[in-house]
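Notebook open, structure loaded. I'm jotting down what I look up as I go.

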Amino acid sequence: MNYDVIIVGTGAGGATLAHELSTKNLNVLVLEKGLNHPRGTAANNIKNTKLSLKLEENIDDNRYEFLNQTAELMNIEGLGGTTPVSLANACYACTNCYKNSATAQFKGFDLELFEELLEASKELKVGSLPAEMMGPATRMIVDKGEKLGYFMEPMPKFIDFTKCDGCGLCIFGCTKGAKWDANDFVKEINETENNTEILSNITVTRVLHKNQRVDGVEGIDSNVETKHYHSKIVIIAAGALNTPKILIDSNITNEVCDGLFTDLFITVGGYLKDVNLNTEIPMGVKSEFGPYFISPHFSHQLIPLIEEKGFNPKAEDVMGIMVKIADEANGRIYKDGRIEKELTSHDINLLKEGYNKSVELLKAIGVEPSSISSTPIRGAHPGGTAAIGKVVDKNLETCIKGLFIADASVIPQAPGRPPILTIVALAKRLSKNIVDEIFVNPNSLK
């Protein structure tokens with residue numbers, strides 16, 4: 001069957017496009033590689049892939065233990081992409097936070113997303129964490145942080161706080177329906193009358209194209225049968241790890257898979273009896289320092305690390321602070337699945353600076369100094385592997401006519417901030433362009 005539009009992926013980009021286009025009387029096919037993870041179970045499906053970090057310089061200082069631990073890249077596949085396990089951080093990634101923010105980067109390519117960011121914010125019910133929902137541990141961080149001279153501000157969240165009970169389990173997928181995730185758009189599509197078909201457990205292997213014009217996609221279904229789906233418009237929104245693989249396997253190779261960033265982060269924490277940070281809304285506040293920020297964050301990984309230092313913590317005894325940086329976009333994904341990037345002196349200095357601020361803050365709060373530990377370096381926001389200006393143009397179109405990309409792959413450099421709101425805005429802009437191309441300039445599809 002021929003479709004008007006084929007969308008690959010149901011994450012923030014793919015689901016938004018499907019949601020927007022489903023109202024336009026178009027025949028839309030959405031293909032998802034993964035399955036549906038019931039709400040409340042999403043975190044159990046997170047994959048941790050080894051991230052090979054090559055250090056540009058040797059560090060002998062024992063304080064920075066995270067530099068000697070194996071780095072990981074966190075990822076999840078399934079309906080909704082990574083949104084079910086997000087902590088609902090609706091960062092605008094604007095120049096107020098970081099001069100090389102995602103919005104600033106796109107402006108450099110004549111792509112302005114202001115209107116779409118406002119639309120997305122309204123639709124996702126974005127709002128700052130209300131004061132009355134800020135837990136005692138988070139309040140301690142605000143109080144002590146500001147006394148140290150750190151401006152602490154509420155984190156914008158895509159949470160309907162009228163439904164939120166503050167359980168702190170955002171990463172598992174909200175069972176109360178308070179936190180937005182892309183499955184909300186999928187559910188709405190399925191419950192309304194439209195011509196949009198969503199198929200899961202279909203692995204798209206390559207894009208079909210001839211004479212520099214897209215013709216559809218090839219995929220493998222749950223019965224391991226090869227399927228061909230045809231359309232003159234294809235949008236790949238499979239995520240910054242899967243999208244470049246599909247492109248490479250489609251013989252679209254120029255500058256694909258290079259320029260990987262992951263918004264590297266560590267969580268620094270220690271022992272503080274019955275602090276109960278684990279039961280509070282995670283990352284409720286933040287303090288910005290240009291290319292990095294710090295924010296309250298409970299991590300189970302801290303428990304065994306604190307135990308190694310002679311303590312016996314339960315989850316409620318761990319106080320943690322995340323340090324997230326805008327790392328250099330110098331990584332690469334190889335055909336065999338290996339992911340490598342260099343940890344530059346610049347990256348190392350940002351992590352060290354954030355670590356030192358976190359230690360200072362933890363001590364001020366009353367955390368036992370000898371218990372302070374750090375998780376390994378992790379990445380959770382891969383991007384840059386099909387960047388604007390290299391693989392796509394300002395309309396997010398590739399060198400193949402009718403083939404577009406709408407996920408974090410197109411962000412050229414690390415924003416150092418959660419990208420979901422930015423990706424939703426990108427998808428909204430692309431959906432408008434697609435509608436114009438189909439209805440205003442139909443001859444362009446011939």
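This is a predicted model: local features need pLDDT of at least 70, side-chain atom pairs count only at pLDDT 80 or more; totals for chains, interfaces and linings use all residues.

Where does Thr205 lie? I found Thr205 in strand S10, which runs over residues 203-210.

**Thr205, continued.** Buried or exposed, or something in between? I got 21% relative accessibility for Thr205. The cut-off for buried is under 20%, so Thr205 counts as partly exposed. Next I listed what Thr205 touches, skipping residues up to four places away in sequence: Glu218, Gly219, Ile220, Ile246 and Asp249. I also checked Thr205 against Lys227: they sit 22 residues apart in sequence, and their C-alpha atoms are 9.9 Å apart in space.

**Thr138.** Another threonine to look up. Thr138 belongs to helix H4, residues 136-147. Its relative accessibility comes out at 1%, so I put Thr138 down as buried. Which residues is Thr138 in contact with, once neighbours within four places in sequence are left aside? I noted Leu277, Glu280, Val285 and Pro296.

**H1 against H9.** Now a helix pair. Two packed helices are described by the angle between their axes and the distance between the axes, so I looked up both. H1 (residues 12-21) packs on H9 (residues 420-440) at about 40 degrees, and the axes are 8 Å apart. That angle makes H1 oblique to H9. As for handedness, H1 passes H9 in a right-handed crossing.

Which residues meet there? From H1 I wrote down Ala12, Gly13, Thr16, Leu17, Glu20 and Leu21. Across from them, H9 brings Ile420, Ile423, Val424, Ala427, Lys428, Leu430, Ser431, Ile434 and Val435. Sorted by class, the contact of H1 with H9 has ten nonpolar, three polar and two charged residues.

**Whole chain.** Last, I zoomed out. How many helices and strands are there in the protein chain? I count nine helices and 23 strands. The radius of gyration is 22 Å, close to the 22 Å that the globule rule gives for 446 residues, so I can call the chain as compact as a globular protein of that length. The C-alpha trace spans about 65 × 50 × 45 Å along its principal axes.

Two more values for the chain. Of its 446 residues, 59% count as buried. I then took the contacts between residues at least 6 apart in sequence, and 78% of those join residues at least 24 apart.

Key: Residues are numbered from 1 along each chain as its sequence is written. Side-chain values use heavy atoms; hydrogens and water are left out. Axes are lines fitted to C-alpha atoms, for helices over the stretch in contact, and angles run from 0 to 180 degrees between N-to-C directions. Helices (H or I, at least four residues) and strands (E, at least two) are DSSP runs, numbered from the N terminus. Angles under 35 degrees count as roughly parallel, over 145 as roughly antiparallel, 65 to 115 as roughly perpendicular and the rest as oblique. A crossing is left-handed if the near helix is turned anticlockwise from the far one by less than a right angle, and right-handed if clockwise. Contact means heavy atoms within 4.5 Å. Ala, Val, Leu, Ile, Met, Phe, Trp, Tyr, Cys and Pro count as nonpolar, Asp, Glu, Lys and Arg as charged, and the others, Gly among them, as polar. The radius of gyration is taken over C-alpha atoms; the globule rule is 2.2 Å times the number of residues to the power 0.38. Buried means under 20% relative accessible area, exposed over 50%, partly exposed in between (1.4 Å probe, protein chains only).
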